[in-house]
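Subject: Structure handover

Hello,

Here is the structure I said I would pass on. My notes follow below it.

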Amino acid sequence: MAEQVAGLAPELAGERALVSELVGDQAGPWDLAGELPAGLLRKLGAHGVLCAEVPAAYGGLGAASRPSGELTAHAGSLCSSLRSIMTSQGMAAWTIQRLGDREQRRRYLADLTSGQLAAVAFSEPGAGSDLSALQTRTSPAGDSVVLDGEKMWVTGARYADLLVVLARHGDGAAFAVVPASAPGVRLEPVADPVGCRAAGHSHVRLDQVTLPASSVLGGGGQSLPLLFTTALSYGRISVAWGCVGIIRACLAAAVRHARRREQSGRPIAQHQLVARHLAELLTAEQVSTRVCEHASRCWQDTSPDMVMAAVLAKHVSAGHAARSASTAVQVLASAGAQDGHVVARAYRDAKLMEIIEGSNEICQLLLAQHALTTAGPG
Amino acid sequence: MTTGQAITPVTAEAVTAEAVSEALTAFLAERIKTEVAPDQDLFASGLASSMFAMQLVVHLEETYDIAIIGPELKLDNFRTVQAMTALVLRLRDG
Ligand SMILES: Cc1cc2nc3c(=O)[nH]c(=O)nc-3n(C[C@H](O)[C@H](O)[C@H](O)COP(=O)(O)OP(=O)(O)OC[C@H]3O[C@@H](n4cnc5c(N)ncnc54)[C@H](O)[C@@H]3O)c2cc1C
């Protein structure tokens, strides 16, 4: 589907084809079953596809942000559960690359590009939008650290070998890389999520989990807001591109249906009120793509603007995805009103994109704060 | 939110405390439209948020070819122009 989009970068065309081939027509059944085949995730992981931006020196594809984004959008157009796994794996890899020391980068990035799977755990029962309320903590114990806490809704945790866990650490904070098999780690699957049903969300309990001190990225002790902003900046661009994929799938399904379905003697596309839906879907696809391209450009240029550009891209694309999915269901009507249909799935998946990686409201607060600080006095 | 200008990494001889401090003051004036004093607390005065601190991290790393990692990634290092200048000089020496 994304192959038809004009101006698509030729980079990663083989990876996009691999995703198409492996997903095939199975996204609907995976969604209904609430599970992705673990073998497929490992295969994509071993090809570097789940975190395409990892530099080649660490075993990755070394993709730039834009082609990586188009790959993410392609996966998102087919299966948002798979796309969420890519976002988590990519966010884990970026966090390790950005915050880890040389040895940690070498070790963990090799793992993440050879078939091991990772999830990122920020949220807690008392710390959702407000991550400053975080209570998970590391305590030093000789050459080890002991981790205690509770994490919520961790995407991909069910499939993960490694959990990248945000915790308090001394006066500051830290990301710790925790093997999912470590004693004291307990997963509890989230039952029947509204969307991204096969993404393996789990609550994670960490009860006296003892790890070598070398599991703490960069030795820890960093500022908590700087840590989550670092990880979330990648996650936001990734979710934003995933939303572009949702919108493209909705646009394609709505156009196909509006051409074929006839009512009152003509294809419904020729009824102006339906045509307006198509215009809105196209507008959403174009606007979201442009704002994602801008964020990817800022990211690639290492521009200081990338932080806010990521928030903007996520906010704009998630809103458009949620509205576009609703519009597409409207155009399909009864034909799209059943679980298993691409627009029905999009409708459930897209709503969650307005909640994760900074809800609509949190993104708006950040954008407002940006407007206030850049406007100057007076 | 404009596309950032291409950043030219500065050469070694240009990295003195005065030069860094001046360049940072100019960067801040452009970004937050305010002339700040070298010891002015950007966070306490509401001029900057932790999101903006992240932008400062990216700016300093790119401009001075340094890596701000591990415990250096703390808000206190970005609180004032003085603190950021000291950070740049320390990391370039290290
Ligand atoms: C599908 C899915 C996948 C997820 N994956 C992960 C993951 O991989 N890792 C992880 O750590 N977490 C994950 N989460 C958790 C997610 O990060 C949180 O749900 C999110 O941060 C919001 O927190 P909350 O659900 O506690 O809502 P709350 O923070 O309780 O917010 C409830 C409502 O209040 C609003 N609100 C809250 N504070 C403010 C404020 N200050 N001003 C204005 N409005 C406000 C919110 O916008 C929201 O509308 C996932 C969640 C979902 C649904």
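This is a predicted model: local features need pLDDT of at least 70, side-chain atom pairs count only at pLDDT 80 or more; totals for chains, interfaces and linings use all residues.

Residues are numbered from 1 along each chain as its sequence is written, chains are lettered from A and ligands numbered from 1 in the order written, and side-chain values use heavy atoms, without hydrogens and water.

There are 18 residues around the ligand (near: a heavy atom within 4 Å). Those that come nearest are F122(A), S123(A), S129(A), T155(A) and S359(A). By class, the shell has eleven nonpolar, six polar and one charged residues (nonpolar: Ala, Val, Leu, Ile, Met, Phe, Trp, Tyr, Cys and Pro; charged: Asp, Glu, Lys and Arg; polar: the others, Gly among them).

- V120(A): a polar backbone atom is 2.9 Å from a ligand nitrogen.
- F122(A): a polar backbone atom is 2.6 Å from a ligand oxygen.
- E361(A): a side-chain N or O atom is 2.7 Å from a ligand oxygen.

Domain 2 (118-221) and domain 3 (225-373) of chain A both give residues to the shell, so the ligand lies between them (bounds from an automatic or database domain assignment).

Regards

Note on methods
A polar contact is a pair of N or O atoms within 3.5 Å; within protein, one must be able to donate a hydrogen and the other to accept it, and residues adjacent in sequence count only if both atoms are side-chain atoms.
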